[in-house]
Amino acid sequence: MAQNQALFSYPGIIQYDDFSVADVSGPCPAVINVRVFPQDQAPPLIGDIVLTYNEHRIVYPDCILDAVTFENGSSGRIASCRFLDQRWRWPFAQITGKYNWRMPDNFVEPYHEKSAGQLAAMCFEALGIVDYDVSALPDDARPEVNWDHANPGQELAKLCEDLGCRIVPQRSTGKWFVRVTGEGQP
């Protein structure tokens, strides 16, 4: 019985031996490793990785070629390439704002009031993510934040963790979700 095999593609990579993917939720990038046979030109530094398995197509947009090491194998010299998904850009983003301050009577100052969903949306937008869903966050939560050139990826992860949620990419659609931790499929 023939075993189905996923296919890998990236601009400029002509032939490869094998690949592996470590995809994670949260602000840390997924890591895609591929062993490439010798070729005349190096692949571009940034591009989309596409995995195809039967009729399923999964796209990792805006990946960066993070590291290359070389090894000598039985079929010649092999390049081991390590790619990071689009979250490699997240450490370079910033967000600033102070929201949900508490007044002496413990009520939130109304001109700077934001729901947890609104704060999460601000973080996604600061990261350049336009297709997201933050509906899993509680509507009544008003976490106090004081962002001064803060990293929106880390702030989004902290906000989600504090409210029992996590950041999850949906590779089949390219959309990002905030999901309740422990719910859904593995």
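The second largest pocket is lined by 16 residues, with V36, F37, Q39, F70 and A79 lying nearest its centre. This is a predicted model, where local features need pLDDT of at least 70, side-chain atom pairs count only at pLDDT 80 or more, and totals for chains, interfaces and linings use all residues. Residues are numbered from 1 along each chain as its sequence is written, and side-chain values use heavy atoms, leaving out hydrogens and water.

**Second largest pocket**
- A pocket is an open set of points on a 1 Å grid over the protein atoms alone, where a 1.4 Å probe fits, with protein on both sides within 12 Å along at least five of seven lines; lining residues have an atom within 4 Å of a point.
- The volume of this pocket is about 210 Å³, taken as the space filled by probe spheres set on the points, which are joined across faces, edges and corners.
- β5 (56-73) and β6 (76-84) each give the lining at least two residues.
- β6 supplies the largest share, 4 residues; strands are DSSP runs (E, at least two residues), numbered from the N terminus.
- The lining holds 12 nonpolar, 2 polar and 2 charged residues.
- Nonpolar covers Ala, Val, Leu, Ile, Met, Phe, Trp, Tyr, Cys and Pro; charged covers Asp, Glu, Lys and Arg; the others, Gly among them, are polar.

**Cysteines**
- The whole structure has 0 disulfides (pairs of cysteine sulfur atoms within 2.5 Å).
- The sulfur of C63 is too far for a bond, because its closest cysteine sulfur, in C81, is 12 Å away.
- The sulfur of C123 is 8.2 Å from its closest cysteine sulfur, in C160, so a bond is ruled out by distance.
- C123 is also buried, with a relative accessible area of 0%.

Methods
Buried < 20%, exposed > 50% of the residue type's maximum accessible area, 1.4 Å probe, protein only.
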